[in-house]
Amino acid sequence: MADGQRKSSNQYSKDDEDKNRTWVWVVTLVLLFGMFCGILIPFVLEYSAPYFSWRWEDPVCPVMMEEEKIDCYPEDPTPNWYKCLKRGCCWRQSTTRAPSCFMALNTGYNLEGEPRKTVSGYQFDLFRRITPRVYGGEIWRLRLDIEMQTNERLRVKFYDPGWKRYEPPITLPLTTTIAQFPVYAVDYTKEPFTLQIKRRVTDQVVFNTSLGGFYFADQYITMSARLPSENIYGLGEHRHDNFQHMLDKTQKNLDTWHVWAMFARNAFPDDLGQNLYGQFPYYMVVENDGNAHGVLLVNSNAMEATLTPLPSITYRTTGGVLDFWFFFGPTPENVAEQYGVVNVLYTDAQFADNDYLDQHLEFTLASQFSNLNDYVENILHRYGYHAVLVFNPGIAVDAYIQYEPYQEGIRLNAFITRPDNETVLEGESWPGWVAYPDFDSSAGQAFYKDEVKKFYSLVKFDGMWLKSNEPDNFRHGARYSCWRNDWNYPVYVPRYMHDRRMWDRTICMDSTQSSDRHYNLHSMYGHQMAVTAHDAYRDAEPGKRGIIITRSAFPGTGAYAGHWLGDNMATWADLHHSLIGVLEFGLFGIPYVGANICGYFGEAYEQMCLRWHQLGMFYPFARNHNVRDELDQDPMADRFSLDFRIAVKKAIETRYIFLPYLYTLFHHAHVNGSTVIRSLVGQFPNDPNTWDIDRQLMWGDAIMAAPVLDVDTVKVNAYFPDVRWYDYWTGFPLARTSQRRYVSVDAPFDHIPIYIKGGTVIPTQWFSQSTVYARYMGMGLIIALPDYDYSNGMAIGDLFWDDGESRNTYEYQNDIFARIEATEDRISYVADRRGYDDPYLPIIQNITMLGVRKDVWQVFVDHQQLQPWQVELTDTLYNLKTMVLYNIDIAINEDHDIDIRYI
């Protein structure tokens, strides 16, 4: 019995052991299953929850004003209610141009946790609200960095913390400290997350995202913001009818609810609203109290912006990140300086288009141009002119000839390829089938620099004119079409792009470049070509600054190149459009800008061409250029009358007289980022009457012009802000009753109304055939005294001077910079910088002072009394006089004092 019991006991022990093993396995499996669920369930919730409709939040659709609606079905302007509600949007039939299908207020993200402090600001983690998926690829976790970089500059960046998305490779200022006394403040709400960015001193909110509609997916990102005023300028590149976007609540103006697509494209400029050559997602707002701020979105993907009369702006972009930069001014010029990255100077030149190329092959010379270098060096350079040659990006594929640049590009892997990253992508351009250098790659840059250097050894050109660099393609997509994939056919294509086709007149979006797909880099192509061309010319001719002019551009291009507004028509409408475009590119940070004077297409009739030359004398980049098959339209064309030639000559000579002032403005643009040509609102933002003026212009803060922009017009209705003004041609002051009002002024066919602002000093120089020879002509100063009843009676100006062609003269202090301060009694000329010396430096021969109140008795220049014949006093109007000092002959690189004594 005992043995049996013992046996039984052993058996029970074995059973217990088996049970214990079973429990261990069960517990282990449970733990493993729990760990698996712990990983899987958050993944499912984060990435798959939107598929389960029972988890979606109901859309919040309160009653709201029409102008508060944010389009929820932008790919279809007229969706029906069923499609709208199925998407999880709100529906309310609209009676205006506002959308009927609009975003719910609860669309967007929630703040997760609390913001973290960083070295330059704060960091936020955002989690997407459980609202319907629309385009796929939704990014559920976002990060927001707020960088308080300086007291006037704020950076706000939304991005995916788990995956590196494309960002344009442009130089942006970085900081490792936080602004101590920022003029702005940033507030936020947590659920849903919204931002309110405001100006502290006035408590004015300048960017408020509480309208809803924040959506961040792989190929569709949208954000809307309420803006502080309707005075909105910028967004490009387009053909705009007005400088100020007109956002009337009657919904009649095209700008209201208009969708402005932005994606570099060669397009004929007759279609209002079509995206053109460059991409500039930048705008400036003048707030209702006259303060100004600017907002730049650093994103190079295809995008669009919609303005509403609320006013508000809605961005929609097809990729990248939302990287906003805010510039708080408070004046428009302060905004330009905070935003601007500019450093190009001007020259005068003859331009050579594709005609000089052999069969349109880049880096070749046609047989009839085999002596081009002799012409450049022995005629143009000898007489003080410059040669600028056209360069297109397309390198001919050598199917029929052995074309060395193509062979070298193949050897260096310098070209953009098909998606396989091996086959060279081929498009069509002037020579036929072409390959496109990849300016994003070091190999493409090295290839292009070397080809430019070799060609420079054949022709000593002075500048490069970059065309077709959007890049343009005569064959949509590629030689063998584009593959159907998410790059070429994304889930959303910005509206108003031609046929809603991403690769219209350009190459396939899935083409491979060094850092990413062309889809992300497309609008950077012209910018990267301009940077490469700038560096290539510097390597070919290290001593000269040269000139680069590009058709396609991007924020930051102004540091390397100027821009012309592309193809235009010989029409009165495009004459006005050109002024708007030039003013806009001043905002965009490209001060060296101009249009084809007299138009590119169409016959330029004499009266219009004359008025266009009179406006064109104020373009920073002034060039007459038209298509080869049209009639000649240069000032000496036989078909124009003698009166036409005399009037155009007068306009050009006036430009040359002002060149020292223009050159000084470019110096300030280079050093400070200020504008050269500017609008009246840019100079007088506190005057509401200037906010919508785009038929007048200013050079700097001193010269105002009111050009004729309409047919058969000999009077201009010009607006005069509330300061003293003088007629440039007569020296006569305008009546005080003319200030802050419109005045009808005479503008006969040989005349452009030009006015000098009181309180300024303008350096001038006698004209010659070119800027090279004009440098040796005598100089002068125009001193426009202010209205003594409303100021301290002082006029202020300056002068910058160097050799006119060397690089970095300011940085190496190889220049002259002088400050000029003048009152009725004394003129002070102080040369702060004197590093540049030349035995043929010009001298200041004459000084004209406008607005003198008394009779002059004696004038002393550096303690030497002038002779009576050297002082001329002329009565003008309103008991004011003009004084001219003749033959004073003072050096521009020395200090001088001029004392004026009155009877």
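Residues are numbered from 1 along each chain as its sequence is written, and side-chain values use heavy atoms, with hydrogens and water left out. Because the model is predicted, local features need pLDDT of at least 70 and side-chain atom pairs count only at pLDDT 80 or more, while totals for chains, interfaces and linings use all residues.

**Stop 1: M698**

Select M698, which sits in strand β32, residues 697–699. Helices (H or I, at least four residues) and strands (E, at least two) are DSSP runs, numbered from the N terminus. M698 has 0% relative accessibility and so counts as buried. Buried means under 20% relative accessible area, exposed over 50%, and partly exposed in between, with a 1.4 Å probe and protein chains only.

Next, show the surroundings of M698. Apart from neighbours within four places in sequence, M698 is in contact with V676, I677, R678, L680, Q683, F684, I703, M704 and W725. Contact means heavy atoms within 4.5 Å. For a distance check, pick the C-alpha atoms of M698 and I652: these residues are 46 apart along the chain, and the atoms are separated by 17 Å.

**Stop 2: T764**

Move to T764 in strand β38, residues 760–765. With 11% relative accessibility, T764 counts as buried. Leaving aside neighbours within four places in sequence, its contacts are I657, F658, P660, M779, G780, L781 and I782.

**Stop 3: G409**

Select G409 in helix α5, residues 404–412. Its relative accessible area is 0%, so G409 is buried. Not counting residues up to four places away in sequence, G409 touches A414, F415 and F447. The C-alpha atoms of G409 and P431, 22 residues apart along the chain, are separated by 17 Å.

**Stop 4: salt bridges**

Now display charged side chains. A salt bridge is a side-chain nitrogen of Lys or Arg within 4 Å of a carboxyl oxygen of Asp or Glu. By this rule there are 53 salt bridges.

One of them joins E66 and K69, with N to O at 2.8 Å. K69 counts as buried, at 1% relative accessibility.

Then select R545 and D802, whose closest N and O atoms are 3.0 Å apart in a salt bridge. R545 lies in the loop between α8 (525–540) and β26 (547–550), and D802 in the loop between β40 (795–801) and β41 (816–822), so the pair ties together parts that are 257 residues apart in sequence. Both R545 and D802 are buried.

For a network of salt bridges, select E404, D450, E451 and K454, which are linked in this way.

**Stop 5**

K198 counts as buried at 19% relative accessibility. D203 is in the loop between β9 and β10 (204–208). Its phi is near 65 degrees, a positive value in a residue other than glycine.

R740 likewise has a positive phi, near 65 degrees. R740 is in the loop between β35 (725–727) and β36 (741–746), and with a relative accessible area of 42% it is partly exposed.

Two peptide bonds can be inspected next. E191 and P192 are joined by a cis peptide bond with omega about -10 degrees, and P192 lies in the loop between β8 (184–189) and β9 (194–199). E470 and P471 are also joined by a cis peptide bond, with omega about 0 degrees. P471 lies in the loop between β25 (463–466) and α7 (518–521).

**Stop 6: helices α6 and α8**

Two packed helices are described by the angle between their axes and the distance between the axes. Select α6 (residues 442–456) and α8: their axes come within 9 Å and cross at roughly 45 degrees. Axes are lines fitted to C-alpha atoms, for helices over the stretch in contact, and angles run from 0 to 180 degrees between N-to-C directions.

How do α6 and α8 lie, parallel or oblique to each other? They are oblique, given that angles under 35 degrees count as roughly parallel, over 145 as roughly antiparallel, 65 to 115 as roughly perpendicular and the rest as oblique.

Finally, show the side chains between them. Q445, Y448, K449, V452, K453 and Y456 in α6 meet M529, T532, D535, A536, Y537, D539 and A540 in α8. By class, this contact has seven nonpolar, two polar and four charged residues. Ala, Val, Leu, Ile, Met, Phe, Trp, Tyr, Cys and Pro count as nonpolar, Asp, Glu, Lys and Arg as charged, and the others, Gly among them, as polar.
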